[in-house]
Amino acid sequence: MARFVYADNAATTPVSPTVFAAMKPFYTDLYGNPSSLYSVGREAKKHLELARADVAACLNAEPNEIFFTSGGSEADNWAIKGIAHQLAKKGKKHIITSKFEHHAVLHTCASLEKEGFSVTYLDVHADGLVRPEELEAAIREDTALVTVMYANNEIGTIQPVSEIGAICQKHGVLFHTDAVQAAGTLPVDVKGQHIDLLSLSAHKFHGPKGVGALFIRKGISLPNLVDGGAQERGRRAGTENVAGIVGLSVALKEACATMAERTKRLTAMRDRLIDGALQIERTRLNGDRTKRLPGNVNLCFEGIEGESLLLLLDLNGVCGSSGSACTSGSLDPSHVLLAIGLPHEIAHGSLRLSFSDQNTEEDVDYILEVLPGIVERLRSMSPLWEEIVNGQKAD
């Protein structure tokens, strides 16, 4: 039987044993509604607020600036639409974002354009990085919000968030960052980095699915997401998912406490996989070599289709992806790879492998053992590859 290697941690991660143990009591013994006045409800409320404080501490925020959501997509929608609609009352109907944001941001911006808002989509260049000077040049008198992700979910490139935050503060523009891939993996300091709103999701750092958070800096007026109750200080009604929220807080604390050691180990594994994979003919690394998430490797292999590559890797026990898990059913090439300038035929042959602290050096060895043969097999059946090797198709 083939070795099993889970290398799609950018899509989701398994819940850690610590997190699982922390969540269990809230399904059995501490099941009270946090809004109830009796003891089991008060106990649930206590743990809910302890979790809020722990999440805030990990971000260098205040507890009353943390609002729990169902995940990153909801947090992104709430932040962007909320600020847009609020500041439109003051005549500010311009938003700045980048061309390779997660679809939770891009589709939200597209929805706002239909309402009459203006959106500037910044280039990210071949290295997968936003240029702060280009962002600053795009700011207008009517700019309400800048929303740029902390780290890209496909190619893993880390954006100059601190510089962007400083520029936004200088011009009096609010700054939101989708930190779904960054939280728990990269240091976050919402005060030091001048971040006004930040989205995160628990299942990206060994927490449960279906729970996330939005940081809203104190003083920012954001319309309620859900009306109907006093939960989340009246901004998001509905009985809180206490077990999930506790799981999120424990997972984030655990991730932040082990970040330095984990980053060192995963960076070494990442770089070894990149070096080995680039030995395969006509293979390219997507995005900057060093300004990328510790566990992210994103490659393109000319002459093959990414879907076929994933299927053969799966047959050999390796779980990877060709892009965002949210668009896995699409036959179109990744919008991220097109945004950094790759032609369609190369972008179709992409592979994302992403590691967590549960991966090992032996996993890297195994991937490098099976990957070259799979690529060779697929290329042997590809008319496009035949054109490439015969020199009929330009580089």
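Begin by selecting Leu299 and its bridge partner in E12, Leu351. The model is predicted: local features require pLDDT of at least 70, side-chain atom pairs count only at pLDDT 80 or more, and totals for chains, interfaces and linings use all residues. Residues are numbered from 1 along each chain as its sequence is written, and side-chain values use heavy atoms, with hydrogens and water left out.

Next, display strand E12 (residues 350-354) beside E10: the two pair in the antiparallel sense over five bridges. Strands (E, at least two residues) and helices (H or I, at least four) are DSSP runs numbered from the N terminus, and two strands pair if DSSP finds at least two bridges between them.

Now select E10 itself, residues 296-301; six of its six residues are buried, so the strand is largely enclosed by the rest of the structure. Buried means under 20% relative accessible area (1.4 Å probe, protein chains only). Asn296, Asn298 and Cys300 lie on one side, and Val297, Leu299 and Phe301 on the other.

Finally, turn to helices H3 (residues 39-59) and H8 (residues 242-257), whose axes come within 9 Å and cross at roughly 30°. H3 is therefore roughly parallel to H8, a term for angles under 35 degrees. Axes are lines fitted to C-alpha atoms over the stretch in contact, with angles running from 0 to 180 degrees between N-to-C directions. Contact means heavy atoms within 4.5 Å. Residues to select include Leu48 and Val55 in H3, and Ile245 and Leu252 in H8.

How values were computed:
Parallel < 35°, antiparallel > 145°, perpendicular 65-115°, else oblique. Buried < 20%, exposed > 50% of the residue type's maximum accessible area, 1.4 Å probe, protein only.
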